Amino acid sequence: MPFLELETSLPAAQLPQGLAGKLCSVAAAILNKPEETVSVTVKSDLPMVVSSSAAPCAQLLVSSIAVVGTAEQNRGHSAKFFEFLTKELGLDADRILIRFYPLEPWQIGKKGTVMTFL
């Protein structure tokens, strides 16, 4: 059950149409998870600074069970997410950061319980 949160200083009008849906599909493929289990949030127009610069930038937070827990996994995921984000957002790779957080099933609530019991 992956969760993706894309934050960017780019104005909403500059984001590609359907970006959240595209990111959902790409994340499902990259993380090898069913698309219907992926949750995506996109926040734009944020005041942000990356590497001491307020030039347009973005940060992606990727949280999931079992697929973002090692350096080897995340190295591959990072390359694919960067390929997508640089193309879709029109930003150079040095203006994008990605944070990976592994989750445990007991940390995700769903249907009045936690994933451990589903």
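What percentage of the 118 residues in the protein chain is buried? Buried residues make up 37%, where buried means under 20% relative accessible area, exposed means over 50%, and partly exposed is in between (1.4 Å probe, protein chains only). Before you click on anything, know that this is a predicted model, where local features need pLDDT of at least 70, side-chain atom pairs count only at pLDDT 80 or more, and totals for chains, interfaces and linings use all residues. Residues are numbered from 1 along each chain as its sequence is written, and side-chain values use heavy atoms, with hydrogens and water left out.

**Stop 1: the whole chain.** Switch to cartoon view. Along the sequence they follow the pattern β-α-β-β-α-β-β-β. The radius of gyration, taken over C-alpha atoms, is 15 Å, close to the 13 Å from the globule rule (2.2 Å times the number of residues to the power 0.38), so the chain is as compact as a globular protein of its length, 118 residues. Its C-alpha atoms fill a box of roughly 45 × 30 × 25 Å along the principal axes.

Stop 2: Select residues 3-8 (strand E1) and 39-43 (strand E2): they run parallel and are joined by five bridges. Strands count as paired if DSSP finds at least two bridges between them. Now pick glutamate 5, whose bridge partner in E2 is threonine 41. To get from E1 to E2, the chain passes through helix H1 (residues 19-31) in a right-handed β-α-β crossover. Right-handed means that, with the strands pointing away from you, the path from the first strand over the helix to the second runs clockwise.

**Stop 3: the core.** Which residues have the most contacts inside the largest nonpolar core? Select Leu4, Leu6, Leu60, Val62, Phe81 and Leu89; this core has 25 residues. A nonpolar core is a set of buried Ala, Val, Leu, Ile, Met, Phe, Trp, Tyr and Cys residues joined through side-chain atoms within 4.5 Å. H1 gives the most to this core, with seven residues. Zoom in on valine 62: leaving out residues up to four places away in sequence, valine 62 touches residues including Phe3, Leu31, Phe81 and Tyr101 (contact means heavy atoms within 4.5 Å).

**Stop 4: serine 64.** Stay in the strand region and click serine 64, in strand E3 (residues 58-65). Serine 64 counts as buried because its relative accessibility is 0%. Among its contacts beyond four places in sequence are Met1, Lys33 and Pro102.

**Stop 5: a salt bridge.** Side chains of opposite charge can pair when their charged atoms come close. Show lysine 22 and glutamate 88, whose side chains meet in a salt bridge at 3.4 Å, N to O; the cut-off is a side-chain nitrogen of Lys or Arg within 4 Å of a carboxyl oxygen of Asp or Glu. Lysine 22 is in H1 and glutamate 88 in helix H2 (residues 71-89), so the pair ties together parts 66 residues apart in sequence. Lysine 22 is partly exposed at 36% relative accessibility, while glutamate 88 is buried at 18%.

**Stop 6: a loop.** Finish at aspartate 94, in the loop between H2 and E4. Aspartate 94 counts as exposed, at 55% relative accessibility.

Terms used: Helix = DSSP H or I, 4+ residues; strand = E, 2+ residues; numbered from the N terminus.
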